[in-house]
Every structure is written in structure tokens, then in C-alpha cells.
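Keep the structure open beside the text as you read.

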Amino acid sequence: MSAEHEVPIRDESIRLGQLLKLAGVVDDGAMARSVIELGEVTVDSTVEVRRGAQVRPGQTVTFAGQAIRVVAGG
């Protein structure tokens, strides 16, 4: 797995699909929905299949060998 990188968010949470787009690991919302529904995304090591799942600072999302740590700020 590649190194974990941080993605700052300005609100107290962000939807999983939006986070994947913000982090640049998917091209658009359709791709985000597809990879999430296929069970290819984990939140804190648990497979998440809800595109609208809320992700908060301190949580780590993993997709395609990339770890995205959500941090406050931004």
C-alpha cells in the first residue's frame, strides 16, 4: 500500500463519494458510486457500500492501495 496522505475538510464530516473525488482517487461521482457499491472502499478497515456514509476527521479511507486520512481544516 502506498503512503497515507491527508485530506483536509472544512465541515465536521464529508460524504464518502465526495471525499473520493476531493482526494483525486476517482474522476467523478459515477466512478465513486461504482467503486463504493462494488465494495472496493474501506473506512477504518471496514468495507463501506454507502456512497453517502459520513466520514469524519480522524478516519482513514482506503481505495486502490491508497490510504486517505481525513483531517480538520481546509
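Let's start at Asp44, which sits in the loop between strand 3 and strand 4; helices (H or I, at least four residues) and strands (E, at least two) are DSSP runs, numbered from the N terminus. Before going further: this is a predicted model, where local features need pLDDT of at least 70 and side-chain atom pairs count only at pLDDT 80 or more, while totals for chains, interfaces and linings use all residues. Residues are numbered from 1 along each chain as its sequence is written, and side-chain values use heavy atoms, with hydrogens and water left out.

**The loop with positive phi**

Most residues other than glycine have a negative phi. Asp44 isn't a glycine, yet its phi is positive, at about 50 degrees. Ser45 lies in the loop between strand 3 and strand 4, and it too has a positive phi, about 70 degrees, without being a glycine.

How open are these spots? The table gives relative accessible areas, where buried means under 20%, exposed over 50% and partly exposed in between (1.4 Å probe, protein chains only).

| Residue | Relative accessible area | Class |
|---|---|---|
| Asp44 | 39% | partly exposed |
| Ser45 | 72% | exposed |
| Gly52 | 41% | partly exposed |
| Arg50 | 52% | exposed |
| Glu48 | 14% | buried |

Arg50 is exposed, whereas Glu48 is buried.

Gly52 is in the loop between strand 4 (46–47) and strand 5 (54–55). Its C-alpha atom is 5.8 Å from that of Leu16, although the two residues are 36 apart along the chain.

Leu16 also matters for the next stop: the largest nonpolar core has 20 residues, and Leu16, Leu19, Leu20, Val41, Val61 and Ile68 touch the most other members. Such a core is a set of buried Ala, Val, Leu, Ile, Met, Phe, Trp, Tyr and Cys residues joined through side-chain atoms within 4.5 Å. Elements giving two or more residues to this core include helix 1 (16–23), strand 3 (41–43) and strand 7 (66–72). Helix 1 provides the largest share, four residues.

**Arg33**

Finally, Arg33 belongs to helix 2 (residues 29–37) and is partly exposed, at 41% relative accessibility.
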